[in-house]
Amino acid sequence: MSEHDKFRELIEPYALGSLDAGERSELEAHLRAGCSDCAKALDEARWLVAQLAYLAPEAVPSEILKGRLLQQVRADARSGRHSSRIPLWIWGAVAASLLFAFYTAWDARQTQVAIRKANESAAAALEQQKHLRGELALARREAMILTDPKSVKILLPPSASNMPVLEAMWHEKMGLCITGRNIPMPPPNRALQLWLIPKSAGAKPMPSVMLRPEPDGTFMMMVSNPPEGMHNVKALAITEEPAGGSPQPTSPPLWVGTVS
Ligand SMILES: [Zn+2]
C-alpha cells in the first residue's frame, strides 16, 4: 500500500474526528504536502458530516463515499477491531437521511392520492345532491299538479282489456303528469313514449317523453313543458318505441285518452 493509499483511508475518520493524535498529525502533514486527491476527498467527507448533522434528504452520500465508508467498516471487521473508526451515529444518520428521502417521496405520493380521492368523492356528493334536488323539484311539481283544482283529469283507457287504465292530470302552467300501476314491463331496449295529438286537422302526433315503468310496475310520467298547450290538444297517446324514442309512432297506441 502506497503512502497516499494509507492516508486516503484516514480521510473519512479524520472528518469525523475519530483519528488518534499520531494518525491525525501524519495525515495533516500529507495534506500540507499538497495531495489534491486527499484534499478533495476531505472536502467531500466534511460536507457529508455537515449535512448529516441536519439529516437533510440531500445528505444521501455519493456512491463513492458510501463505498468508502463500507470499506472502512469491512476493514475494521476483518482486522477484528471493535472500535470502528466510523462512529455508530453516522450510520444512524445515513440510514435516517435515506429513510427521510424515501418517506418524503412516499408521503408526496400518498398526499396526491388522498387529494384525488377527496376531489372524486366531493364531485360524487355534488352530483348526488344535484340529482336529489332534481328529484325533489319533480316530486313537488307532481304533487302540485295532482292536487291543484285547476288541473284537468284525463283517463287513458288501454287498448288491451288486461292492461290497467292510466290517469293524467294536466295543469296549464305546471305541466302534465301521467300515473299508473301494474304496468307490464316493455322488452329490454324499448320504452313507452307519450304523444300529443293536436286538434288541427291533419297535424302529426307530437313526440314527448320516454319512460320505462319502475320494476314494481308503477309508472309516473312527468312533462314539465308539454310541446303543445292543453287547448290545442285533442288526445294523449302512449306507444311502445325503441328506447331512444321515435319522431313518429311506429306501433299502435297502447293507451289513448281524449282531452275534453
Ligand atoms: Zn493523498
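Trainee: How many of the 260 residues of the protein, as a percentage, count as buried?

Mentor: The figure is 19%. Bear in mind that this is a predicted model. Buried here needs 20 or more other C-beta atoms within 10 Å of the residue's own.

Trainee: Why is Asp 37 called exposed?

Mentor: Count its neighbours. Asp 37 has 11 C-beta neighbours inside 10 Å. The cut-off for exposed is 12 or fewer. So Asp 37 counts as exposed.

Trainee: Where does Asp 37 sit, and which residues does Asp 37 touch?

Mentor: Asp 37 belongs to helix 4, residues 36-54. Leaving out residues up to four places away in sequence, Asp 37 touches His 4 and Arg 8.

Trainee: What makes Asp 37 and His 4 a contact, with their C-alpha atoms 8.9 Å apart?

Mentor: The test uses C-beta atoms, placed from the backbone, and asks for 7 Å or less. The 8.9 Å value runs C-alpha to C-alpha. Asp 37 and His 4 are listed as touching, although 33 residues separate them in sequence.

Trainee: What makes a group of residues a nonpolar core, and how many residues has the largest?

Mentor: The members must be buried, of the listed nonpolar types, and joined through C-beta atoms within 7 Å. The largest such core has 21 residues. Leu 156, Ala 168, Ile 178 and Leu 236 have the most contacts inside it. Strands 1, 2, 3, 4 and 7 each give two or more residues to this core. Strand 4 supplies the largest share, five residues. Another core, of nine residues, lies apart from it; Leu 10, Tyr 14, Ala 15 and Leu 27 are among them.

Trainee: Which residues does Leu 236 touch?

Mentor: Beyond four places away in sequence, Leu 236 touches Ile 154, Leu 156, Ala 168, Leu 194, Leu 196, Gly 257 and Val 259.

Trainee: How do you know that strand 4 and strand 5 pair?

Mentor: Pairing takes at least two bridges. Strand 4 and strand 5 have four, in the antiparallel sense. Leu 192 stands opposite Leu 211 in strand 5.

Trainee: Why are strand 5 and strand 8 called edges of the sheet?

Mentor: The open sheet runs in the order 5-4-7-8, with antiparallel pairing. Strand 5 (206-211) and strand 8 (255-258) each have a single partner strand, so one side of each is left without a neighbour in the sheet. From one strand to the next, the twist averages 20°.

Methods:
Residues numbered from 1 in each chain as written. Predicted model: local features only at pLDDT ≥ 70, side-chain atom pairs only at ≥ 80, totals over all residues. Contact = placed C-beta atoms within 7 Å. Axes fitted to C-alpha atoms, helices over the stretch in contact; angles between N-to-C directions.
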